[in-house]
Amino acid sequence: MKIWNLRDDDPFISGSDDFQGIKGKYIRLEDASIFFCLSGHAHISIDLQEYELQAGIQVILLPGCVLHVTFMSADFRLSFIGFSNRLFHEITCRLDPFFFHFLKETPCAFLPPEHTGQFRTLALGIDNIYHDRDNHFRILIARNCIQSLMMDIYDKTQRLFMQPSFGRINRQEELFKRFIQEIHYHCSTHREVVFYAERLHITPRYLSSIAQKVEHVTAKSIIDRHAITEIKTALKTTNLSIQEISHRMGFPDQSFFGRYFRKHTGMSPLQYRNSPD
């Protein structure tokens, strides 16, 4: 389906669909997309976390996430807007990075009817310009519309879902935001607190205290949670051997890799790969 494979010369798409063709498949997204559930219900997982969709739920999928659909009702239907990874970074470069951490951790949200008017107006404008193939400024107009839509989502996220202190952060909260950013970039190869503390120019002990204060868990557990998600994704969405995954994730050997995975999941990598979806 074209929404999963956008090109730079045609970097956005809009429409509605029942998406029945993707049921049972694991799809790693290269691009970004926004969905709004129009009718029916479905069971999905995003980065191996399970969610239920029903009418009124908005889904935001960031580049690199993994989508898996296990159930769709016969009347399930979504409206969608997809835009390329490059366009996504162009239009969101000025937004707070912690916003994207929030979206990654909370990709699905129910929008009350009184808050969907602006979304529907902007989405309709994007859909109209998508089908206006003769418009010489088509991509530029779409870029502006999608940017406006992301800014509206950013505003709604702050007002409806995030804590009132959002936007008025202290130094520890700023360091925690940077810690999460570093994890997103490096968790596939680095799993030690000391690495991230050095990246942030603070001590491991101070980083651990920040994690405890902000999320009430250890810094190591946050790192391991993201690393295990990366491993699970590789096991389910690629044909790489377990040895190859172990090597790519920077483990000293396959045995150590297996012990690490079993410690956090209770099963071996092979057992997880062969487990039912």
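Helices (H or I, at least four residues) and strands (E, at least two) are DSSP runs, numbered from the N terminus. By this reading, the protein chain holds eleven helices and nine strands. The radius of gyration, taken over C-alpha atoms, is 20 Å for the protein chain, close to the 19 Å that the globule rule gives for 277 residues, so the chain is as compact as a globular protein of that length. That rule is 2.2 Å times the number of residues to the power 0.38. The structure is a predicted model, in which local features need pLDDT of at least 70 and side-chain atom pairs count only at pLDDT 80 or more, while totals for chains, interfaces and linings use all residues. Residues are numbered from 1 along each chain as its sequence is written, and side-chain values use heavy atoms, with hydrogens and water left out.

Of the 277 residues, 48% count as buried; here buried means under 20% relative accessible area, exposed over 50%, and partly exposed in between, with a 1.4 Å probe and protein chains only. The accessible surface comes to about 14,500 Å², as given by the Shrake-Rupley method with a 1.4 Å probe. Carbon and sulfur atoms account for 51% of that surface. Among contacts (heavy atoms within 4.5 Å) with a separation of 6 or more, 72% join residues 24 or more positions apart. As for charge, the protein chain has 32 positive and 31 negative side chains, and the centres of the two sets lie 5 Å apart. In this count Lys and Arg are positive and Asp and Glu negative, while His and the chain ends are not counted; each charge is placed at NZ of Lys, CZ of Arg, CG of Asp or CD of Glu.

Rings of Phe, Tyr and Trp (its six-membered ring) pair if their centres lie within 6.5 Å; planes under 30 degrees apart count as stacked, over 60 as edge-to-face and the rest as tilted. A search of the whole structure finds 14 aromatic pairs. In one of these, the rings of Phe-88 and Phe-100 have centres 5.8 Å apart and planes at 75°, so the pair is edge-to-face. The pair links distant parts of the chain, twelve residues apart: Phe-88 belongs to helix α1 (residues 85-92) and Phe-100 to helix α2 (residues 97-105). Phe-88 is buried at 6% relative accessibility, and Phe-100 is buried with a relative accessible area of 16%. A tilted pair is formed by Phe-251 and Tyr-260, with 5.2 Å centre to centre and 55° between the planes. Both partners are under cover: Phe-251 is buried at 6%, and Tyr-260 counts as buried at 9%.

Ring pairs also build a cluster, made of Phe-83, Phe-88, Phe-99, Phe-100 and Tyr-154. Helix α2 also holds Phe-102, which counts as buried at 17% relative accessibility. The C-alpha atoms of Phe-102 and Val-66 are separated by 16 Å, and these residues stand 36 apart along the chain.

Leaving aside neighbours within four places in sequence, Asp-224 is in contact with Arg-191, Tyr-260 and His-264. Asp-224 sits in helix α8 (residues 219-237) and is buried, with a relative accessible area of 7%.

Thr-116 lies in the loop between β9 (108-110) and α3 (117-131) and is buried, with a relative accessible area of 7%. Not counting residues up to four places away in sequence, Thr-116 touches Phe-36 and Leu-111. Thr-116 and Gln-58 are 58 residues apart in sequence, and their C-alpha atoms are 9.8 Å apart in space.

Most residues other than glycine have a negative phi. Asp-47, however, has a positive phi of about 50° although it is not a glycine. Asp-47 is found in the loop between β4 (41-46) and β5 (49-54), where it counts as buried at 10% relative accessibility. His-201, likewise not a glycine, has a positive phi near 60°. His-201 lies in the loop between α6 (193-200) and α7 (204-215) and is exposed, with a relative accessible area of 69%.
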